[in-house]
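Please consult the sequence and the structure shown here alongside the text.

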Amino acid sequence: KSITNVQPAVGAVAGLAHFVTLTNITNGKEGDTTCGNVTFEQAQSCVGAAAVIGACKNITIDTLTNYGTFSYKNAISYPYVGGIIGTWWDNDGTVTSDLSNITNYGDILVSKCTHKAGAPFFGGIIGRHAGDAVKLTNCTNHGDITILADFALTAENFCIGGIIGVAANVELNNCDNNGAITQNGVVNSAYTYVSKEQTLATATNLFAGGIAGYINTAGKITL
């Protein structure tokens, strides 16, 4: 699937998913590199983009596996990109969503992008979460996240996490990242992620971690 010159939320299973339950979902096929992949090009505005669901709110997921890769390139927007979910939209603060038994094998590649302002977020499972409480249980990322992009950052944040890029009001239980995170092109920084125990960050406003890049309110992680 190749999508060009548009501004949507993009995912192979759903662009937008609101108030739904997903059970026993598989995107792509093990060993088949041509199946379930998403390439997203030339975005002009902020979007949620992922191999599975572009943007969502108030959803429940039980048992989901992704083998599809995600490629985001030739864009001028500040992206929210995840292996499973790109962005989780703001809600009214009254709902707790459960995501359990999720596995991502798909790599994420971001390349040839320019960025003037805002905050790009990348995660192996979720790129950005804000709003209602979300609990992730038994979620694993095996996909590599590679950022090869010319992001001209302002004073805002650049967040990369093996499970979630940036989050508010999120609980992570028994979540693990086995994928590598590699990044260059960001002003004054260059690093390669090795393990979830390693401390990362060599640039102002760059937040990176094996599990979460940045959790800004009411976060809890249990390994």
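## Contacts and overall make-up

Among contacts between residues at least 6 apart in sequence, 81% join residues at least 24 apart. The model is a predicted one. Its protein chain contains 25 strands and zero helices.

The chain has 223 residues, of which 52% count as buried. It exposes about 9,000 Å², and carbon and sulfur atoms supply 48% of that area.

In soluble globular proteins, nonpolar side chains tend to be buried together. In this model the largest nonpolar core has 45 residues, and those with the most contacts inside it are Ile53, Ile59, Ile61, Phe70, Ile85, Leu99 and Leu136. Strand β15 (residues 133-141) gives the largest share of this core, three residues. Apart from it lies another core, of five residues, including Ala119, Phe121, Cys159 and Val166.

Leaving aside residues up to four places away in sequence, Ile85 touches Ala50, Ile53, Gly54, Cys56, Ile59, Ile61, Leu99, Ile125, Ile126 and Gly127.

## A buried asparagine

Asn27 lies in strand β3, which covers residues 21-27. With a relative accessibility of 8%, Asn27 counts as buried, because the cut-off for burial is under 20%.

Not counting residues up to four places away in sequence, Asn27 touches Ala12, Val13, Gly36, Ala51, Val52, Thr65, Asn66, Tyr67 and Gly68.

## Aromatic pairs

The structure holds three aromatic pairs. In one of them, the ring centres of Tyr67 and Tyr105 are 5.1 Å apart and the planes are at 5°, so the pair is stacked. Tyr67 belongs to the loop between β7 (60-66) and β8 (70-73), while Tyr105 belongs to the loop between β11 (96-104) and β12 (108-115); the pair thus links distant parts of the chain, 38 residues apart. Tyr67 is partly exposed, with a relative accessible area of 24%, and Tyr105 is also partly exposed, at 40%.

Another pair is formed by Tyr80 and Phe121, whose ring centres lie 5.3 Å apart with planes at 10°, so this pair is stacked. It likewise links distant parts of the chain: Tyr80 is in strand β9 (residues 80-82) and Phe121 is in strand β13 (residues 121-123), 41 residues apart. Tyr80 is buried, with a relative accessible area of 12%. Phe121, which is among the residues of the five-residue core, is buried as well, at 9%.

Thr63 is not a glycine, yet it has a positive phi of about 75°. This residue lies in strand β7. Its relative accessibility is 30%, and Thr63 therefore counts as partly exposed.

Which phi does Asn169 have, although it is not a glycine? The phi of Asn169 is positive, at about 60°. Asn169 is found in the loop between β18 (164-168) and β19 (170-173). With a relative accessible area of 28%, Asn169 is partly exposed.

Technical notes:
Residues are numbered from 1 along each chain as its sequence is written. This is a predicted model: local features need pLDDT of at least 70, side-chain atom pairs count only at pLDDT 80 or more; totals for chains, interfaces and linings use all residues. Side-chain values use heavy atoms; hydrogens and water are left out. Helices (H or I, at least four residues) and strands (E, at least two) are DSSP runs, numbered from the N terminus. Buried means under 20% relative accessible area, exposed over 50%, partly exposed in between (1.4 Å probe, protein chains only). Contact means heavy atoms within 4.5 Å. Accessible areas come from the Shrake-Rupley method with a 1.4 Å probe; for residues, only the protein chains shown count as cover. Rings of Phe, Tyr and Trp (its six-membered ring) pair if their centres lie within 6.5 Å; planes under 30 degrees apart count as stacked, over 60 as edge-to-face and the rest as tilted. A nonpolar core is a set of buried Ala, Val, Leu, Ile, Met, Phe, Trp, Tyr and Cys residues joined through side-chain atoms within 4.5 Å.
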